[in-house]
Amino acid sequence: MAPKSVQTASEPMVGDPKHAVRATRSAGREMRSRLLDGASRLFRERGLSGTSISDIAAVADAFPSQITYYFRTKEALFVEAACRDMLYVARAAEQAALQAHTPRDYTRALVETVTATDSVAFFAEALTLTRRRQDLAPLVERTIERLHGEGLRAYSNQIERHGWNTLRDPDATSRRFWALAIGVMVEGYAMGRSAEELSREMLRVLGDQAIVKSDGDATRLRLVADPNTVPPDRETSS
């Protein structure tokens, strides 16, 4: 008589419901990611009205019904793709700015990374869309709050790391950066400006956000300062 096979605990049982659920969730996440990748590229190239659900499905090697299953509507997919791209460029900007050693270099790294892509303009289109589709507003609101929260964390870390004096409240600095980025880039794209022109304009409008502490400030770290209290002859970093 042949010995009976023994199934060990480490071997998943065939048809195990929990294993099947995990596999399904993994496949679902992969499909959503593919749909977002394909949709992002097409929306950037053709816009919302110039892109069909069938186009997105073809690029993502999916069925049109899968788009409606995961995202319900093309507009919802547009907004989610734009929000995801915005968070990606924010993360890339933070990583690029980590190498900066002066406040101006920090700001320049942020600006050059953000203006090198059309992600901000893409996100601005999503903002406009939610004015007519309030059901899509919560995702945009969460994205904006995440931008501000992570921007505040990154900026505060740099202030503490280098001992800079910020000219504004760090939270206000983060919010101001993204508000200006959206405004400058929407206007710039409408005027047909290049990435270099957008970068120069944004740096001009932002101005100095922080200064290097003078020797007299070496014993204390001032995280918030009134710009009117900064002596005009204090040297800023270059």
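**Salt bridges and packing**

Author: Asp171 and Arg175 form a salt bridge through their side chains, 3.3 Å from N to O. Keep in mind that this is a predicted model.

Reader: Where do Asp171 and Arg175 lie?
Author: Both are in helix 8, residues 170-191. They sit four residues apart, about one turn of the helix.

Reader: How many salt bridges does the structure hold?
Author: The structure holds 15. One of them joins Arg153 and Glu94, with the closest N and O atoms 3.2 Å apart.

Reader: Which parts of the chain does that pair link?
Author: Distant ones. Arg153 is in helix 7, residues 137-162, and Glu94 is in helix 4. The two are 59 residues apart.

Reader: And why does Glu94 count as buried?
Author: Because its relative accessible area is 17%, and the cut-off for buried is under 20%. Arg153 is at 41%, so that residue counts as partly exposed.

Reader: What about Arg204 and Glu201?
Author: Their side chains meet in a salt bridge, 2.9 Å from N to O. They are three residues apart in helix 9, residues 195-206, so about one helical turn separates them.

Reader: Arg204: buried or exposed?
Author: Exposed, with a relative accessible area of 59%. Glu201 is at 24% and counts as partly exposed.

Reader: Which residues are linked in a network of salt bridges?
Author: Arg44, Asp85 and Asp118.

Reader: Switching topic. At what angle do helix 4 and helix 6 pack?
Author: About 140°, with their axes 8 Å apart. Here helix 4 is residues 74-97 and helix 6 is residues 119-132. The angle makes helix 4 oblique to helix 6.

Reader: Why oblique, and not roughly antiparallel?
Author: Because roughly antiparallel needs an angle over 145 degrees, and this one is about 140°.

Reader: Is the crossing left-handed or right-handed?
Author: The crossing of helix 4 and helix 6 is left-handed.

Reader: Which residues make the contact?
Author: From helix 4, they include Phe78, Val79, Met86 and Val89. Asp85 of helix 4 is also in the contact, and Asp85 belongs to the salt-bridge network with Arg44 and Asp118. From helix 6, they include Val120, Phe122, Phe123 and Leu129.

Reader: How many are nonpolar, polar and charged?
Author: The contact has twelve nonpolar, two polar and three charged residues.

Reader: Back to helix 9. What does Ser199 touch?
Author: Ser199 lies in helix 9. Leaving out residues up to four places away in sequence, Ser199 touches Val111, Glu112 and Thr115. At 8% relative accessibility, Ser199 counts as buried.

Reader: Zoom out. How many helices and strands are there?
Author: Nine helices and two strands. Along the sequence the pattern reads α-α-α-α-α-α-α-β-α-α-β.

Reader: How much of the protein counts as buried?
Author: 39% of its 238 residues.

Reader: And what share of the contacts is between residues 24 or more positions apart?
Author: Such pairs make up 72% of the contacts with a separation of 6 or more.

Conventions:
Residues numbered from 1 in each chain as written. Predicted model: local features only at pLDDT ≥ 70, side-chain atom pairs only at ≥ 80, totals over all residues. Heavy atoms only, no water. Axes fitted to C-alpha atoms, helices over the stretch in contact; angles between N-to-C directions. Parallel < 35°, antiparallel > 145°, perpendicular 65-115°, else oblique. Left-handed = near helix turned anticlockwise from the far one by under 90°. Contact = heavy atoms within 4.5 Å. Nonpolar A, V, L, I, M, F, W, Y, C, P; charged D, E, K, R; others polar. Salt bridge = Lys/Arg side-chain N within 4 Å of Asp/Glu carboxyl O. Buried < 20%, exposed > 50% of the residue type's maximum accessible area, 1.4 Å probe, protein only.
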